[in-house]
Amino acid sequence: ENPLANELGAQAPLGFFDPLGACADGDKENFDRLRWVELKHGRISMLAVVGYLVTYAGVRFPGAEDIPSGFAAIDATPGMVWAQFAATTAMMEAANQDQFKGPWGTNQNSLGESPAEFKGDFRNGALDFGWDKLSPEAKMRKRAIELNNGRAAQMGILGLMVHEKLGNID
C-alpha cells in the first residue's frame, strides 16, 4: 500500500487513485504539489462552469452584449480583451500565493511567519470566516468537500465543452 493512501483526497469510492504512478514512490513533497495543482484546477473549473452557464443564459458585461457564449466567443473577442485577460491572469497568479513567503521559498519580506496551514490557504488576516475556530477534523472535511467540488467542476466544464462541440447544447 502507498504511504500516501491516507492523505486528503484519497476517499471513497476510489481511495488512493494513481493510475499513472505519479506518486508511486511515496514522495510527499511531489504529492503536495500535485494536490495543490488539483485544488487550483478545481477552483478555476468552478469559476468556468459558473461563467459558462451565466453567459449561456445571456448575461453580459456592458459593451460585450454582442459576444456569443461558448467557443464562439473565442473568435468574437477583441484582441485588447485578450490582452486584458492575460494581464489579469498574470496579476492573479502573482497575488494569489502565500504573501508571507517570497517566490521559490525565499523569505524577502518582514511579514513574519505565514498563517497558511496548507498550499492554497490564502488567509491574510483581512477576512475571517471562522476557519481558526474549526476542529482539525472539520478543516479536513471542508478541504475534502472543496476537492470533490473541484473534481466535479472539472468534469462539468469538460462535459459542457464536449457537448457544445457535438452540437448538443441548443
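Tutor: Helices are DSSP runs of H or I with at least four residues, strands are runs of E with at least two, and both are numbered from the N terminus. In those terms the elements of the chain run α-α-α-α from the N terminus on, with four helices and zero strands. The model is a predicted one, in which local features need pLDDT of at least 70 and side-chain atom pairs count only at pLDDT 80 or more, while totals for chains, interfaces and linings use all residues. Residues are numbered from 1 along each chain as its sequence is written, and side-chain values use heavy atoms, with hydrogens and water left out.

Let us turn to the rings. Rings of Phe, Tyr and Trp (for Trp, its six-membered ring) form a pair if their centres lie within 6.5 Å, and the pair is stacked with planes under 30 degrees apart, edge-to-face over 60 and tilted for the rest. A search of the whole structure finds four such aromatic pairs. One of them joins F16 and F31, and this pair is tilted because the ring centres are 6.4 Å apart with the planes at 35 degrees. The two partners come from distant parts of the chain, since F16 belongs to the segment before α1 (28-56) whereas F31 lies in helix α1, 15 residues apart. To describe their surroundings, a residue is called buried under 20% relative accessible area, exposed over 50% and partly exposed in between, with a 1.4 Å probe and protein chains only. F31, at 7%, is therefore buried, whereas F16, with a relative accessible area of 25%, is partly exposed.

Another pair, W82 with F85, is edge-to-face, with 6.0 Å from centre to centre and 90 degrees between the planes. Both residues lie in helix α3 (residues 79-95), and because they are three residues apart, about one helical turn separates them. W82 is partly exposed at a relative accessible area of 38%, while F85, at 51%, is exposed.

Rings can also have a charge over them, which here requires NZ of Lys or CZ of Arg within 6 Å of the ring centre and within 35 degrees of the ring normal. The charged end of R143 sits over the ring of F118, at 3.8 Å from its centre, and K165 lies over the face of F71, 4.7 Å from the ring centre.

Back in helix α1, where F31 lies, we also find R35. R35 is buried, with a relative accessible area of 14%. Taking contact to mean heavy atoms within 4.5 Å, and leaving aside neighbours within four places in sequence, R35 is in contact with L8, G9, A10, L147 and R151.

Over the whole chain of 170 residues, 22% are buried.
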